[in-house]
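Here's a quick briefing to read with the model open beside you. Have a look at the fold, then work down the topics.

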Amino acid sequence: MTVMGRAVETAEFIAEGGIHATLDAAKRSSAARVREVLAKAREMKGLSLEEMAVLMAIDTPELEQELYKTGKWIKDEIYGDRLVLFAPLYVSNYCGNECVYCAFRARNKEIRRAALTQEQIAREVKILVEQGHKRVLLVAGESYPTVGEHRGLDYILKAVETIYATRSGKGEVRRVNVNLAPLTVADFKRLKAANIGTYQIFQETYHRETYARMHLGGLKRNYDFRTTACDRAMEAGIDDVGIGVLLGLCDWRFDLLAMMQHIRHLEERFGVGPHTVSVPRLEPATGSPLASHPPAQVSDHDFWKIVAMIRLAVPYTGIIMSTRENAEVRRKTFAMGVSQISAGSRTNPGGYAAELSGEEDGQFQLGDHRGLDEVVRDCAELGYIPSFCTACYRLGRTGRDFMDLAKPGLIKDHCGPNALASFYEYLLDYASPETKAAGRKLIAGKLAAMEPKIRERSETMLQMLDDQKRDVFV
């Protein structure tokens, strides 16, 4: 990974004036110009800020459908028809920040605070494993408490160790991603040594004035320290980072173009952009009146456009859709470029065991309350392969190595067989009879449509699973 120039301490790569000028100029884009941008997007090399702004100005149903079809085509070319599944695991809701949109904010007295012990973390993991999950996103409020003998970041590192060490029957978590507060380079190196997958951090909004209004206290008030967190993570050797904005705090058009500036900065400095981009919308949260009345509300209509535009602008990245959204909204985004989804989520510490607090103590209100099995069956019936694969991370296909396969569309030759194998493993060990039937039907159809060499590889892997081997991948 190439690191160019001095350490980045300020977010000079976010140029607000240029964003406003770009948006203003694109308002006058013709249908012909929109179609030029859509045609360029099919080259799968990304889009400029000006081209993104052109797509933002789309205002006819015909052009919107062309945008959506282009997003689906690009996603299918790069990743195929798989959907990666994961579950968030909240270990603590203690927080020293005062973010006006979040239930975890420091002065909120309407939720119960909890920091899970390692035994409680293991219990949560066991529940997730017994549902069939293989990927976990560890989440903690931005204040790491002392729990037992573990203090500060040591608590998080021990939690990662506990997650990896917890097994139940034939199952275990094979990849731990983390969503944590910004760290120093030295602490990011410690996090990397814990064998995490992706380090995820959301900017919330890139608009400095809005950012200041939304963050009234705590370390999170430091806009530059947060915006440059991915730089420090990548300097420390974490080559998979995930970013996103919280849609609803500021004009989504501004934040989307600012996020693109951030992405281009990472590409120029490190030779690789973010592994994932998340698109959370502001949802109601206990003790936060603002969360129920977003200052810049994003409609479903615009939300779908956002998903498709990100797929066109950053074709190689994984787009994450969380359970903030209801089932119907989530389904529609699958055909617009989404490649990763959470399922059966809880956003409060101890939420899977339901022993420490209720859903009202979560970080935000959920839109999709379905369990993993129902989500898996729904995906399969829609024609998507629910994938629990973690192969790339254990084979070293991360960072630039992953992008070298993803950008030209070669990664799906690995993802196709691996997705089918991990899905079949789920069907054998965890699925309900209804989901098992839907899954077997889907797998038969996908195998029939594969190229002979890929089909042969996939059938060999499926037979290994029938023979009681587990964790099969290439």
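Glu-204 sits in the loop between strand 6 (199-200) and helix 8; helices (H or I, at least four residues) and strands (E, at least two) are DSSP runs, numbered from the N terminus. This is a predicted model, where local features need pLDDT of at least 70, side-chain atom pairs count only at pLDDT 80 or more, and totals for chains, interfaces and linings use all residues. Residues are numbered from 1 along each chain as its sequence is written, and side-chain values use heavy atoms, with hydrogens and water left out.

**Positive phi angles**

- Glu-204 isn't a glycine, yet its phi is positive, at about 75°.
- Most residues other than glycine have a negative phi.
- Glu-204 counts as buried at 9% relative accessibility (buried means under 20% relative accessible area, exposed over 50%, partly exposed in between, with a 1.4 Å probe and protein chains only).
- Gln-468 is another non-glycine residue with a positive phi, about 80°, and it lies in the segment after helix 20.
- Gln-468 counts as exposed, with 52% relative accessibility.
- Gly-383, which follows helix 15, has a positive phi near 100°.

**Helix 8 and Thr-210**

- Helix 8 covers residues 208-214 and includes Thr-210.
- Which residues does Thr-210 touch, leaving aside its neighbours within four places in sequence? They are Thr-205, Leu-249 and Cys-250, where contact means heavy atoms within 4.5 Å.
- Gln-120 is 90 residues from Thr-210 in sequence, and their C-alpha atoms are 38 Å apart.

- Helix 15 (residues 372-381) has several buried residues, among them Leu-372, Val-375, Val-376 and Cys-379.
- An α-helix has 3.6 residues a turn, so residues three or four places apart point the same way.
- Asp-466 belongs to helix 20 (residues 452-466) and is partly exposed, at 34% relative accessible area.
- Setting aside neighbours within four places in sequence, Asp-466 is in contact with Tyr-424 and Leu-428.
- Pro-433 is 33 residues from Asp-466 along the chain, with 17 Å between their C-alpha atoms.

- Cys-102 is in no disulfide either, as the nearest cysteine sulfur, that of Cys-99, is 6.1 Å away.
- Cys-99 is buried, with 5% relative accessible area, and Cys-102 also counts as buried, at 11%.

**The whole protein**

- The protein has 20 helices and 11 strands.
- Its radius of gyration is 21 Å, close to the 23 Å that the globule rule gives for 474 residues, so the protein is as compact as a globular protein of that length (the radius is taken over C-alpha atoms, and the rule is 2.2 Å times the number of residues to the power 0.38).
- The C-alpha trace spans about 60 × 60 × 40 Å along its principal axes.
- Buried residues account for 62% of the 474 residues.
- Of the contacts between residues at least 6 apart in sequence, 75% join residues at least 24 apart.

Terms used
A disulfide is a pair of cysteine sulfur atoms within 2.5 Å.
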